[in-house]
Amino acid sequence: MISKTRISSSAANRTMERCAVESAFPTDHRRRRRSWLSGVPVLLVLLVPIGCGYDEAQREAHAAAEIADHGGPLEEQIAHLDRAIELAPERAYYWESRAGLYMSLCDNAQALTDIDRAVELADRPYLRFKRGLILCRSGRFAEALPEFDMAIGQQPDNGQFYRGRALARLALGNAEAAHEDTTVLSQLSPGNIYNYYVCGAVLVALARYDEALIDLDRSVAMQSDAIYPLRARAECLDHLGHPLLAAVDREQADKFESLFGRNYGCGYQNTP
């Protein structure tokens, strides 16, 4: 049986905050006009049931994707998807797409409502994963775990599923189990920049600071303005006896939080 490790450091405690999840699944709010739908018009066409033709609902969904590709406002994209859903409420992808847009707006309640409807229409591993992610962002980590378990059970070779479950397990104080997930994650998708923060945060919780610093250095090097990797590294540096370097990281994190808000990167993008 896996024993639970108490997360005592402030950096590890920060990983328990719902906003810390977004460092592993980010959307840049300084470029907020790029959204979940960017680059998916062809996918939208492919996912419409064969034989239905290029109907009005599909035109609305395509319009939302076109706005995304041109950097248009999220609210306009949502308006088109509203109409698409009104015209064809049986199409799960429209609900899933709108859930992603609401995640970009940090409206987790509406995102959860939409993803629940998508799951009802087409229960797939990715939708379960996405539901778990929304629950994590809402601070409902225990509820998120079964969603990640289900996604992993059906698609065990998808690295981002393990990244989500590792964050949920870490937030619940089970660092050993989180480390099991990050070990698999590192094997499935080595070099993914969003893995380094998660792996580093787990190692901080396990008091393996030298190893954690390697991952957190990589995370900050690739996302130099990411708030939570900077704070996690600051805590790691404190434990390693480098308070001045830790203070620099905290100062940078505070600066980015004041510029972009605490929910900077609070959306989601697919990072397999």
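Visitor: Is Asp254 buried, partly exposed or exposed?
Guide: Asp254 is partly exposed, with a relative accessible area of 44%. Keep in mind that this is a predicted model.

Visitor: And which side chain does Asp254 meet in a salt bridge?
Guide: That would be Arg231, with 3.1 Å from N to O. Asp254 sits in helix H14 and Arg231 in helix H13, so the pair ties together parts that are 23 residues apart in sequence.

Visitor: What about Arg231, buried or exposed?
Guide: Arg231 is buried: its relative accessible area is 11%, and under 20% counts as buried.

Visitor: Tell me about H14, then. How far apart are its end C-alpha atoms?
Guide: They are 25 Å apart. Helix H14 covers residues 243–260, and at 1.5 Å a residue its 18 residues should span 26 Å, which agrees.

Visitor: Which residues of H14 are buried?
Guide: Ala246, Asp249, Ala253 and Phe256. Looking down the axis of H14, you find the buried residues within an arc of 90°, so they line one face of the helix. They pack against helix H13, residues 227–239. On the other side of H14, the exposed residues are Pro243, Leu244, Glu251, Ser258 and Leu259.

Visitor: Let's zoom out. How many helices and strands does the protein have?
Guide: There are 14 helices and zero strands.

Visitor: What share of the residues is buried?
Guide: 55% of the 272 residues count as buried. The accessible surface comes to about 11,700 Å², and 53% of that belongs to carbon and sulfur atoms.

Visitor: How much of the contact set links residues 24 or more positions apart?
Guide: Those pairs account for 64% of the contacts with a separation of 6 or more.

Visitor: What's in the nonpolar core, and which members touch the most others?
Guide: The largest nonpolar core has 39 residues, and Tyr94, Ile115 and Phe129 touch the most other members. Helices H3, H4, H5, H6, H7, H8 and H9 each give two or more residues to this core. A second, separate core has 27 residues, including Leu170, Tyr197, Leu203 and Leu237. As background, nonpolar side chains tend to be buried together in soluble globular proteins.

Visitor: How does the span of H6 look?
Guide: H6 has 14 residues and reaches 20 Å from first to last C-alpha, close to the 20 Å expected at 1.5 Å a residue.

Visitor: Switching to loops: where is Ala88 found?
Guide: Ala88 is in the loop between H4 and H5. It is buried, with a relative accessible area of 3%.

Visitor: What does Ala88 touch, leaving out residues up to four places away in sequence?
Guide: Ala88 touches Ala57 and Tyr94. The C-alpha atoms of Ala88 and Gln58 are separated by 8.6 Å, although these two residues are 30 residues apart along the chain.

Visitor: Back to charges. How many salt bridges does the count come to?
Guide: The count comes to 24 salt bridges. One of them joins Arg59 and Glu56, where the closest N and O atoms are 3.2 Å apart. Both residues lie in helix H3, three residues apart, about one turn of the helix. Arg59 is partly exposed at 39% relative accessible area, and Glu56 is partly exposed at 38%.

Visitor: How far apart are the closest N and O atoms of Arg208 and Glu211?
Guide: They are 2.7 Å apart, and the two residues form a salt bridge. Arg208 is partly exposed, with a relative accessible area of 30%, and Glu211 is partly exposed too, with 38%.

Visitor: Last one: which residues are linked in a network of salt bridges?
Guide: Asp116, Asp123, Arg128, Arg131 and Glu147 are linked that way.

Notes. Residues are numbered from 1 along each chain as its sequence is written. This is a predicted model: local features need pLDDT of at least 70, side-chain atom pairs count only at pLDDT 80 or more; totals for chains, interfaces and linings use all residues. Side-chain values use heavy atoms; hydrogens and water are left out. A nonpolar core is a set of buried Ala, Val, Leu, Ile, Met, Phe, Trp, Tyr and Cys residues joined through side-chain atoms within 4.5 Å. Buried means under 20% relative accessible area, exposed over 50%, partly exposed in between (1.4 Å probe, protein chains only). Helices (H or I, at least four residues) and strands (E, at least two) are DSSP runs, numbered from the N terminus. Contact means heavy atoms within 4.5 Å. Accessible areas come from the Shrake-Rupley method with a 1.4 Å probe; for residues, only the protein chains shown count as cover. The expected span of a helix is 1.5 Å times one less than its number of residues. The arc is that of the directions from the helix axis to the C-beta atoms. A salt bridge is a side-chain nitrogen of Lys or Arg within 4 Å of a carboxyl oxygen of Asp or Glu.
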